[in-house]
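The sequence and the structure are shown first.

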Amino acid sequence: MSEMPRLCLIEDDPIMGESLCDRFQLEGFALDWHSSGAAAVPALRGGNYGVVISDIRLPECEGGELFIAEQARGGMLPPFIFVTGFGTVDRAVELLKAGAADYIVKPFDLDQLVDKVKALALRWAPGRAEGSPLGVAPAMRRIADMLPRLAAHATAVLITGEPGVG
């Protein structure tokens with residue numbers, strides 16, 4: 001198997017952070033661990049991550065707000081998986097609609113998280129053909145999959161969506 005892409009972990013709990021670091025390193029991932037949202041911002045802006053795993057409740061900056069703020073800056077963000085012990089359905093729906101790859105409530109099955117991260121990382125890895133510049137949302141991945149077929153047959157294509165989605 002080729003080298004796994006780098007992960008960004010944003011987790012303030014030292015026990016959870018160390019546990020996730022150990023497991024993902026055993027799985028072959030390189031990983032940067034940040035214990036606050038503010039500390040993660042420069043890394044997100046300068047790093048080439050395959051996946052970001054972020055807690056929601058963080059010192060200085062809530063994980064979901066960090067995600068939304070970085071999206072608003074523009075550019076391509078890697079898939080975000082949110083992991084929280086304080087999940088609400090409303091917040092999960094809000095972040096998933098905004099483009100988060102997943103929202104997981106603690107306690108969770110670590111093997112399932114590893115499988116999700118591997119699948120996302122292999123699809124999104126910077127510099128790999130499988131990564132989509134259109135994003136990680138299922139609807140956008142379907143469009144990205146259709147574009148080569150459309151390009152072979154169509155002279156013009158109009159893609160529409162809800163106002164404000166870009």
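How many aromatic pairs does a search of the whole structure find? The search finds four aromatic pairs, where rings of Phe, Tyr and Trp (its six-membered ring) pair if their centres lie within 6.5 Å. The details of two of them follow the overview below.

## Basis of the report

This is a predicted model, in which local features need pLDDT of at least 70 and side-chain atom pairs count only at pLDDT 80 or more, while totals for chains, interfaces and linings use all residues. Residues are numbered from 1 along each chain as its sequence is written, and side-chain values use heavy atoms, with hydrogens and water left out.

## Overall architecture

The chain contains six helices and five strands; helices (H or I, at least four residues) and strands (E, at least two) are DSSP runs, numbered from the N terminus. Along the sequence, these elements follow the pattern β-α-β-α-β-α-β-α-β-α-α.

Of the 166 residues, 36% count as buried, a term that denotes under 20% relative accessible area, with exposed meaning over 50% and partly exposed in between (1.4 Å probe, protein chains only). The accessible surface of the chain comes to about 9500 Å², and carbon and sulfur atoms account for 56% of this area. Accessible areas come from the Shrake-Rupley method with a 1.4 Å probe; for residues, only the protein chains shown count as cover. Among contacts (heavy atoms within 4.5 Å) between residues at least 6 apart in sequence, 60% join residues at least 24 apart.

## The aromatic cluster

A pair of aromatic rings is described by the distance of the centres and the angle of the planes. Planes under 30 degrees apart count as stacked, over 60 as edge-to-face and the rest as tilted. Phe-67 and Phe-80 form a tilted pair, at 4.8 Å centre to centre and with 50 degrees between the planes. Phe-67 lies in helix α3 (residues 63-72) and Phe-80 in strand β4 (residues 80-84), so this pair ties together parts that are 13 residues apart in sequence.

Phe-67 and Phe-82 form an edge-to-face pair, at 5.6 Å centre to centre and with 80 degrees between the planes. Because Phe-82 lies in strand β4 and Phe-67 in helix α3, the pair ties together parts that are 15 residues apart in sequence. Phe-67, Phe-80 and Phe-82 form one aromatic cluster. Phe-67 and Phe-80 are buried, and Phe-82 is buried as well.

β1 pairs with strand β2 (residues 31-34) in the parallel sense over four bridges; two strands pair if DSSP finds at least two bridges between them. Leu-7 has Leu-31 as its bridge partner in β2.

In helix α2 (residues 37-46), the buried residues are Gly-37, Ala-40, Val-41, Ala-43 and Leu-44. Their cover includes β1, β2, β3 (51-55), α3 and β4.

## Surface features

Met-146, Leu-147, Leu-150, Val-157 and Ile-159 form a nonpolar surface patch with about 390 Å² of accessible area together. Patches are made of residues with over 30% relative accessible area and no salt bridge: like charges are joined within 9 Å, nonpolar side chains (Val, Leu, Ile, Met, Phe, Trp, Tyr) within 5 Å. A salt bridge is a side-chain nitrogen of Lys or Arg within 4 Å of a carboxyl oxygen of Asp or Glu. Val-157 is located in the segment after α6 (138-153) and counts as partly exposed, at 47% relative accessibility.
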